[in-house]
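Here is a short briefing to read alongside the structure. Have the model open and follow the points one by one.

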Amino acid sequence: MHHLISGAAGFIGSHLCDRLLADGDSVVAIDNFITGSHRNLFHLTDHPKFVFYEFDVTAPVTVMGPFDQVWHLASLASPMAYLAHPIETLESGSTATRNMLEVARRDSSGFLLTSTSECYGDPLEHPQVETYWGNVNPVGVRSCYDESKRYAEALTMAVHRVHGVRTTIARIFNTYGPRMQLKDGRVVPAFIDQALHGEPMTVFGDGTQTRSFCYVRDLVDGLYRLTMSDERYPVNLGNPQELTILEFAERIRRLTGTTAQLEYKPLPEDDPKRRQPDIGKAKTILGWEPKVSLEDGLRETIEYFQSLPAPALAR
């Protein structure tokens, strides 16, 4: 198969490239590096079935196909990134989604949108199931990300209904693993970064808010299975194991051996109090559920950050 991937130099995008190339497929990867990293794709530079273009998909996509599958992963997914670039974040969900959908329509290919659990906002239903419509502040500081993804889902469904494009939508919950950026505002790299530097680990609020963490290899497998399915409505992909932030901090402390204390700061505006996916739909339709344990996944992630050259870890 021949694939087109936006956001390919990002955390999840680069792992998706690895998976498809390992299957013997060919990949055309595009990214504008607003949050992606050259380092994430450096190991693929000489791969005979991999081509990369530095490109901003908010412009019409002129990369020639035809493609069998179009993957739209371009997004400013970390709080630090989307709060710093709210307009670009909105554009990645709107204009960029339209441009990538147009490629899929042109080539009669499959299309996958990586959406997010943020579509549920600060949920009043727990765990979150795909039929829950969410509790989102449409004008809050996080709305640039939340609403861009909700719009992207609506646009994807509209193109499917009007033009018959074979679309799929993945609502991704908290994902972690190698190639995350250390200082992007998300809890896994933040805790690991602080632990490796022996600094206080920042806990926002009282730490009783919950998250569910899925290892990136499992997540990519779920994305792949979803593209092979006939499901057109959103599907949750994540790990249903729910932990408080305090419990998660203790896991990081133990695995890194740090003696760093916890430092408490106010909870950010509209930060969800609970987050846990109901993955019954993914189990039934895709035969998918996470396989990598939190302990094993965290060890691999910590080892990755420890292996980075000193400048990458420097402050």
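Predicted model: local features only at pLDDT ≥ 70, side-chain atom pairs only at ≥ 80, totals over all residues.

- The strands β5 and β6 belong to an open sheet of 7 strands, in the order β3-β2-β1-β4-β5-β6-β11, with parallel pairing.
- At the edges stand β3 (50-54) and β11 (235-237); each has a single partner strand, so one side of each is left without a neighbour in the sheet.
- From one strand to the next, the twist averages 20 degrees.
- Strands in a sheet are paired by backbone hydrogen bonds, in either a parallel or an antiparallel way.
- For a closer look at one pair, take β1 (residues 2-6) and β2 (residues 26-31): these strands run parallel and are joined by 5 bridges.
- Within that pair, S6 has I30 of β2 as its bridge partner.

**Helix α8**

- Helix α8 (residues 245-256) has 12 residues, which at 1.5 Å a residue should span 16 Å; the end C-alpha atoms are 16 Å apart, so the two values agree.
- Which residues of α8 are buried? They are I245, F248, A249, I252 and R253.
- Seen down the helix axis, the buried residues of α8 fall within an arc of 140 degrees, so they line one face of the helix.
- What do the buried residues of α8 pack against? Their partners are the helices α6 (187-196) and α10 (294-307), together with the strands β8 (201-204), β9 (210-212), β12 (242-244) and β13 (262-265).
- After α8 comes G257, with a positive phi near 75 degrees.

**Helix α4**

- Helix α4 (residues 95-107) has 13 residues, and the distance from its first C-alpha to its last is 19 Å, close to the 18 Å expected at 1.5 Å a residue.
- The buried residues in α4 are A96, T97, N99, M100, L101, V103, A104 and D107.
- S108 follows α4 and has a positive phi, near 55 degrees.

**Cis peptide bonds**

- The peptide bond from G65 to P66 is cis, and its omega is near 0 degrees.
- You will find P66 in the loop between β3 and β4 (69-72).
- H126 and P127 are also joined by a cis peptide bond, with omega about -10 degrees.

- F33 is not a glycine, yet its phi is positive, at about 65 degrees.
- The loop that holds F33 is the one between β2 and β3.
- Is F33 buried or exposed? Its relative accessible area is 16%, and buried means under 20%, so F33 counts as buried.
- R179 is not a glycine either, and has a positive phi of about 85 degrees.
- Look for R179 in the loop between β7 (175-176) and α6.
- With a relative accessibility of 15%, R179 counts as buried.

Terms used
Residues numbered from 1 in each chain as written. Heavy atoms only, no water. Pairing = 2+ DSSP bridges. Helix = DSSP H or I, 4+ residues; strand = E, 2+ residues; numbered from the N terminus. Axes fitted to C-alpha atoms, helices over the stretch in contact; angles between N-to-C directions. Expected span 1.5 Å × (residues − 1). Buried < 20%, exposed > 50% of the residue type's maximum accessible area, 1.4 Å probe, protein only. Arc of directions from axis to C-beta. Contact = heavy atoms within 4.5 Å.
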